[in-house]
Amino acid sequence: MKKFRYIFGPIPSRRLGRSLGISPLPKKTCNYSCIYCQLGRTDRMTNKRQEFYKTEDILKEFKEYLKDSDKFDIVTVVGEGEPTLCSNLGELICGLKEMTDKPVAVITNGALLSDPQVREQLCHADMVLPSLDAYNQDIAKKIDRPYGTIRFEEEFLGLKKFCSMYQGELWLEIMLVDGINDDEESIAQFKKLLKELKYDRLYLNTPVRPPAEEGVNVVSDERMEYAVKELGGISIEMLSSGSFFSEIEDDYEAVKSIIGRHPMNQFELNGFLDSRGTANKEEMIEKMKQDEEIAVIDYKGILTFRLR
């Protein structure tokens with residue numbers, strides 16, 4: 001099957017099932033440079049909205065994909081950066097919805113929800129998943145490291161306005177990082193903010209994949225349990241995940257296509273290759289370790305593979 005430029009997956013999501021990804025912007029184009037980002041530091045730091053790729057080109061590729069497969073549960077506009085930076089996001093969402101009966105979701109860091117146009121465009125999606133990693137500007141700078149002109153108070157007000165107007169499913173996510181936003185005072189601050197928001201679900205996450213910066217650690221089980229109890233959220237680590245999937249016939253190229261957008265650890269990689277009946281699996285993994293395009297990261301004794 002053809003290798004696509006804008007479409008990837010389906011990827012197993014512990015929240016969304018088999019998620020078919022849509023990437024509407026260049027790799028690592030974002031208005032955050034989160035310390036926990038599994039893709040590494042942001043290469044293209046910007047807060048200016050623009051049309052990175054033409055809507056018709058993305059929709060044309062999506063149409064081609066649908067000719068051969070409908071083995072996905074949801075279409076997720078996420079890419080490898082912040083999708084709300086795409087000025088044609090609303091047009092893209094509407095175009096996707098015209099072509100499939102599956103729900104269309106957008107995963108966003110929420111930084112641009114202060115923009116009325118962004119809020120209006122996101123209202124076309126069936127599901128929106130914004131992040132809320134901080135409860136003030138200081139914590140935001142420590143975890144999310146936003147573009148210089150972004151202010152937490154404006155972001156939160158935008159999120160609050162969006163929550164009140166949005167009619168679809170709104171799932172919030174908080175990324176808890178050990179020693180930064182997981183103590184009792186932080187959880188109390190989050191609890192206070194959440195009372196101001198209207199949402200359907202709250203997910204609590206922690207950086208289990210190799211982060212962009214050293215010294216970024218997962219929270220303890222006790223801290224996560226405390227946060228779950230206090231905030232009424234769901235720990236993503238408690239959810240089950242399916243297996244990775246690719247329509248690309250060549251095993252090696254299939255793996256590279258996946259890890260360009262969703263890093264795989266050694267267990268996920270082995271499971272994926274087993275599901276495809278890959279011969280000489282060990283030789284292929286060794287080849288990946290020697291490939292200059294692939295970064296192999298040893299994180300807490302577990303190898304993770306991602307494209308550089």
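Is tyrosine 135 buried or exposed, and at what relative accessibility? The exercises below work on a predicted model.

**Exercise 1. Classify tyrosine 135 and describe its aromatic partner.**

Step 1. Take the accessibility. Tyrosine 135 has 15% relative accessibility. Buried means under 20%, so tyrosine 135 counts as buried.

Step 2. Turn to the rings. The whole structure holds 7 aromatic pairs. One of them joins tyrosine 135 and phenylalanine 190. Their centres are 5.3 Å apart, and the planes stand at 90°. Planes over 60 degrees apart count as edge-to-face, so this pair is edge-to-face.

Step 3. Tyrosine 135 lies in the loop between strand E7 (127-130) and helix H4 (137-143), while phenylalanine 190 is in helix H6. The pair therefore ties together parts that are 55 residues apart in sequence.

Step 4. Check the partner. Phenylalanine 190 has a relative accessible area of 0%, so it is buried.

**Exercise 2. Assign the geometry of the pair formed by phenylalanine 162 and tyrosine 166.**

Step 1. Read the distance. The ring centres are 4.9 Å apart.

Step 2. Read the angle. The planes of phenylalanine 162 and tyrosine 166 make 20°. Under 30 degrees counts as stacked, so the pair is stacked.

Step 3. Phenylalanine 162 and tyrosine 166 are both buried.

**Exercise 3. Find the charged ends that sit over rings.**

Step 1. Start with the ring cluster. Phe4, Tyr65 and Phe72 are linked by ring pairs.

Step 2. Look at phenylalanine 72. The charged end of lysine 102 sits over this ring, 4.3 Å from its centre.

Step 3. Go to tyrosine 252. Lysine 287 lies over its face, at 4.2 Å from the ring centre.

**Exercise 4. Locate the backbone exceptions.**

Step 1. Most residues other than glycine have a negative phi, and most peptide bonds are trans.

Step 2. Inspect the peptide bond from glycine 9 to proline 10. It is cis, with omega near 5°. Proline 10 sits in strand E1 (residues 7-13).

Step 3. Inspect lysine 28. Its phi is positive, about 55°, although lysine 28 is not a glycine. The residue lies in the loop between strand E2 (17-22) and strand E3 (29-30). Its relative accessibility is 13%, so lysine 28 counts as buried.

Step 4. Inspect asparagine 280. Here too phi is positive, at about 50°, and the residue is not a glycine. Asparagine 280 belongs to the loop between helix H9 (266-275) and helix H10 (281-290).

**Exercise 5. Describe how helices H8 and H9 cross.**

Step 1. Take the axes. Those of H8 (residues 251-259) and H9 come within 11 Å and cross at roughly 140°.

Step 2. H8 passes H9 in a right-handed crossing.

Step 3. List the contacts. On the H8 side are Ala254, Val255 and Ile258. They meet Leu269, Phe272 and Leu273 in H9.

**Exercise 6. Characterise glycine 179.**

Step 1. Glycine 179 is in the loop between strand E8 (169-175) and helix H6 (184-194).

Step 2. Judge the exposure. Its relative accessible area is 66%. Exposed means over 50%, so glycine 179 is exposed.

Step 3. Compare with valine 75. Glycine 179 and valine 75 are 104 residues apart along the chain. Their C-alpha atoms are separated by 35 Å.

Methods. Residues are numbered from 1 along each chain as its sequence is written. This is a predicted model: local features need pLDDT of at least 70, side-chain atom pairs count only at pLDDT 80 or more; totals for chains, interfaces and linings use all residues. Side-chain values use heavy atoms; hydrogens and water are left out. Helices (H or I, at least four residues) and strands (E, at least two) are DSSP runs, numbered from the N terminus. Buried means under 20% relative accessible area, exposed over 50%, partly exposed in between (1.4 Å probe, protein chains only). Rings of Phe, Tyr and Trp (its six-membered ring) pair if their centres lie within 6.5 Å; planes under 30 degrees apart count as stacked, over 60 as edge-to-face and the rest as tilted. A charge sits over a ring if NZ of Lys or CZ of Arg is within 6 Å of the ring centre and within 35 degrees of the ring normal. Axes are lines fitted to C-alpha atoms, for helices over the stretch in contact, and angles run from 0 to 180 degrees between N-to-C directions. A crossing is left-handed if the near helix is turned anticlockwise from the far one by less than a right angle, and right-handed if clockwise. Contact means heavy atoms within 4.5 Å.
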